[in-house]
Amino acid sequence: MNFYRSKEFTGSKAWDAQHIASFDNVSVKLHWTDQPYKWHINDGQEVFAVMDGCVEMQYKVQGEIKSRELNAGDIFYASEGTEHIAHPQGIARVLVIEKEGSV
């Protein structure tokens with residue numbers, strides 16, 4: 001058993017992660033970042049929960065780029081095949097639940 005205070009986690013570089021758990025081929029990680037990730041499509045589904053800060057999530061729908069602002073407590077669900085990129089607005093901490101080894 002462990003407890004985590006996400007607001008206290010700091011990485012040394014963008015998208016550093018603290019491993020929380022792995023089960024049934026799923027990983028749960030807390031990420032710290034101050035830089036965008038990259039356009040990508042996960043190998044399966046992804047749950048992206050903003051724990052601290054603000055993230056502009058850009059995603060594509062039929063090739064058209066759309067955008068939503070996510071604040072602490074907001075969750076983005078990327079179904080299989082959803083192309084997306086996360087742009088933190090300053091420092092952000094996010095909990096990511098996805099298939100082990102996904103991009």
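Me: Is Ser22 buried, exposed or partly exposed?

Reply: Burial is judged by relative accessible area: buried means under 20%, exposed over 50%, and partly exposed in between, with a 1.4 Å probe and protein chains only. Ser22 has a relative accessible area of 41%, so Ser22 is partly exposed. The model is predicted: local features need pLDDT of at least 70, side-chain atom pairs count only at pLDDT 80 or more, and totals for chains, interfaces and linings use all residues. Residues are numbered from 1 along each chain as its sequence is written, and side-chain values use heavy atoms, leaving out hydrogens and water.

Me: In which element is Ser22 found, and which residues does Ser22 touch?

Reply: Helices (H or I, at least four residues) and strands (E, at least two) are DSSP runs, numbered from the N terminus. Ser22 belongs to strand 1, residues 16-23. Contact means heavy atoms within 4.5 Å. Leaving aside residues up to four places away in sequence, Ser22 touches Ser27 and Glu100.

Me: With which side chains does the side chain of Ser22 make a polar contact?

Reply: A polar contact is a pair of N or O atoms within 3.5 Å; within protein, one must be able to donate a hydrogen and the other to accept it, and residues adjacent in sequence count only if both atoms are side-chain atoms. The Ser22 side chain has such a contact with the side chain of His19 at 2.7 Å, and another with that of Glu100 at 2.5 Å.

Me: What should I notice about the phi of Trp15 and of Asn25?

Reply: Most residues other than glycine have a negative phi. Trp15, although not a glycine, has a positive phi of about 70°; Asn25, also not a glycine, has a positive phi of about 65°. Trp15 lies in the segment before strand 1, and with 17% relative accessibility Trp15 counts as buried. Asn25 sits in the loop between strand 1 and strand 2 and is partly exposed, at 47% relative accessible area.

Me: In what order do the 4 strands form an open sheet?

Reply: Two strands pair if DSSP finds at least two bridges between them. The order is 3-8-5-6, with antiparallel pairing. Strand 3 and strand 6 (64-71) stand at the edges with a single partner strand each, so one side of each is left without a neighbour in the sheet. Strand 3 (residues 40-41) joins strand 8 (residues 83-88) over 2 bridges, and Ile41 stands opposite Glu83 there. Strand 5 (residues 54-61) pairs with strand 8 over 5 bridges. In that pairing Glu56 stands opposite His87, and Gln58 opposite Ile85.

Me: Which residues lie nearest the centre of the largest pocket?

Reply: On a 1 Å grid over the protein atoms alone, a pocket is an open set of points where a 1.4 Å probe fits, with protein on both sides within 12 Å along at least five of seven lines; lining residues have an atom within 4 Å of a point. Here the lining has 13 residues, and Trp15, His31, Tyr37, Glu98 and Val103 lie nearest the centre of the largest pocket. The elements giving two or more residues to this lining are strand 2 (26-33), strand 4 (46-52), strand 8 and strand 9 (92-99).
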